[in-house]
Amino acid sequence: MALAATSSSSSFKVISGASGFPLSSSSSEMKVSQIASFRLLDRPHMASTTLPRRRSSVKPVNAEPKRNGSIVPLVATVAAPEVEEKVAAVEEDFEGLAKELQDASPLEIMDKALEKFGNDIAIAFSGAEDVALIEYARLTGRPFRVFSLDTGRLNPETYKFFDTVEKHYGIRIEYMFPDAVEVQGLVRSKGLFSFYEDGHQECCRVRKVRPLRRALKGLRAWITGQRKDQSPGTRSEIPVVQVDPVFEGLEGGVGSLVKWNPMANVKGNDVWNFLHAMEVPVNSLHSQGYISIGCEPCTRPVLPGQHEREGRWWWEDAKAKECGLHKGNLKEDSAAQVNGNGASAVGDIFNSQNLVNLTRIGVENLARMSNRQEPWIVVLYAPWCQFCQAMEGSYVELADKLAGSGVKVGKFRADGDQKEYAKQELQLGSFPTILFFPKHASKPIKYTSEKRDVDSLMAFVNALR
């Protein structure tokens with residue numbers, strides 16, 4: 001197989017040929033069988049009307065043979081055999097394909113991905129609602145592979161869910177583990193919970209990013225459960241298919257890996273409607289308030305008025321809430337989010353006739369007053385922050401309820417050039433930060449609760465005014 005990339009100012013193109021990897025090369029290796037035979041899409045060779053949940057026997061690209069009767073799948077570890085005969089390369093324009101599939105259903109996109117890459121593509125499964133990807137793959141009737149990153153810090157419920165999914169679909173998930181020496185070095189030098197003190201990036205790099213990199217080196221393409229609505233500030237422009245801008249595939253080098261996002265245009269509630277309609281098993285943590293699920297120490301349930309990603313790494317700034325697996329899809333501050341003055345270039349939020357938009361001078365004067373005529377509640381925010389966006393409705397409703405009550409409701413945009421001032425003078429830790437300025441006290445009182453629904457905010461105001 002030859003796989004190369006050419007780039008221009010407007011698009012990426014990938015050149016690919018036949019993989020040359022036999023799905024079955026000896027009697028000791030597994031033979032390919034079709035996972036399901038239900039004809040959902042227009043393929044004449046599929047005629048049956050049932051969906052048997054038989055065990056997938058797709059042989060991983062570089063898999064070792066069975067040991068003691070068990071399957072030991074490895075996404076990428078053993079050198080692949082050389083291709084004896086090379087097929088003429090065919091130019092692939094994945095930017096054009098993304099436009100072609102822009103309005104396609106997740107099932108159509110999944111079918112196209114599996115058809116095009118066969119045994120050289122795998123679904124990345126996190127143990128959350130992205131189980132929908134496995135269901136879509138089953139419905140295509142094509143063989144498919146699934147891999148997952150076992151960081152060693154997952155919730156017990158997630159491990160049980162992995163087992164449930166394997167039994168439900170009759171598959172073996174190809175687990176990837178972090179390097180034991182790297183984990184040992186990190187824990188011995190910094191402790192088990194260093195990420196609470198200096199950020200989660202180092203731990204995620206050891207436990208997630210590097211194992212993923214190893215997995216992808218054995219593939220030509222991978223399938224993710226990313227959606228645009230998961231993180232409006234960072235994932236709003238992900239295409240349904242793209243040349244992966246960060247990771248390398250089987251052939252190595254830029255452009256050697258293709259990334260599919262079949263659910264990019266699907267809303268979160270539509271994913272759940274699909275899971276319920278198809279009676280797909282789900283992680284029991286979802287019923288406990290968890291929406292976005294990661295490692296146990298870094299995941300918690302979300303509260304009313306919070307965005308789903310706010311349950312991840314809650315002690316960090318909103319911009320830091322990515323682990324590095326999808327770094328290539330993030331908008332860089334200097335290019336996409338921040339203008340020349342260091343402030344976000346996206347549209348403003350918290351817009352209401354009952355909200356006062358405070359300038360730097362205005363908030364400085366308010367903070368200096370020791371005897372105010374009226375108490376104030378003020379949100380320090382950044383319009384690009386998805387957690388600020390998530391509480392916009394409840395804060396605007398609060399302003400409407402407090403109109404004419406003697407309590408002023410304001411907002412102060414504290415990103416860009418104003419962020420350092422807000423940190424030093426206004427107790428800004430992360431966005432959003434909510435302050436109450438009492439009528440007869442100079443120092444503002446910080447709202448410390450994570451509950452940002454209108455009733456909780458109103459209780460905070462009523463307790464202090």
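This is a predicted model: local features need pLDDT of at least 70, side-chain atom pairs count only at pLDDT 80 or more; totals for chains, interfaces and linings use all residues.
Visitor: How many aromatic pairs does the count come to?

Guide: The count comes to 14 aromatic pairs. Take F125 and F162 as an example: their ring centres lie 5.6 Å apart with the planes at 70°, and since an angle over 60 degrees counts as edge-to-face, this pair is edge-to-face.

Visitor: Which parts of the chain does the pair of F125 and F162 tie together?

Guide: F125 sits in the loop between β4 (121-124) and α3, while F162 belongs to helix α4, so the pair joins parts 37 residues apart in sequence. Another edge-to-face pair is F436 with F460, whose centres are 6.1 Å apart and whose planes stand at 80°. This second example also links distant parts of the chain, with F436 in strand β13 (residues 433-437) and F460 in helix α14 (residues 454-464), 24 residues apart. F436 counts as buried because its relative accessibility is 0%, and F460 counts as buried at 12%.

Visitor: Which residues do ring pairs link into a cluster?

Guide: F125 turns up again here, in a cluster with Y159, F161, F162 and Y175.

Visitor: Now for cores. Which residues have the most contacts inside the largest nonpolar core?

Guide: The general idea is that nonpolar side chains tend to be buried together in soluble globular proteins. Here, the largest nonpolar core contains 46 residues, and F125, I223 and W260 have the most contacts inside it. Helix α3 (residues 131-140) contributes the most to this core, giving 7 residues. There is also a second, separate core of 42 residues, with V379, Y381, A382 and L426 among them.

Visitor: What is F125 in contact with, leaving aside its neighbours within four places in sequence?

Guide: The contacts of F125, with those neighbours set aside, include V131, I134, V146, F147, F161, F162, V165 and I173. D130 and S148 are in contact with F125 as well.

Visitor: Let us turn to charges. How many salt bridges does the structure hold?

Guide: The structure holds 16 salt bridges. In one of them, K167 pairs with D163, and their closest N and O atoms are 3.1 Å apart. Both residues belong to helix α4 (residues 156-169), where they are 4 residues apart, about one turn of the helix. K167 counts as exposed because its relative accessibility is 64%, whereas D163, at 33%, counts as partly exposed.

Visitor: Which residues are linked in a network of salt bridges?

Guide: Look for D111, E115 and R142, which are joined in such a network.

Methods:
Residues are numbered from 1 along each chain as its sequence is written. Side-chain values use heavy atoms; hydrogens and water are left out. A salt bridge is a side-chain nitrogen of Lys or Arg within 4 Å of a carboxyl oxygen of Asp or Glu. Helices (H or I, at least four residues) and strands (E, at least two) are DSSP runs, numbered from the N terminus. Buried means under 20% relative accessible area, exposed over 50%, partly exposed in between (1.4 Å probe, protein chains only). A nonpolar core is a set of buried Ala, Val, Leu, Ile, Met, Phe, Trp, Tyr and Cys residues joined through side-chain atoms within 4.5 Å. Contact means heavy atoms within 4.5 Å. Rings of Phe, Tyr and Trp (its six-membered ring) pair if their centres lie within 6.5 Å; planes under 30 degrees apart count as stacked, over 60 as edge-to-face and the rest as tilted.
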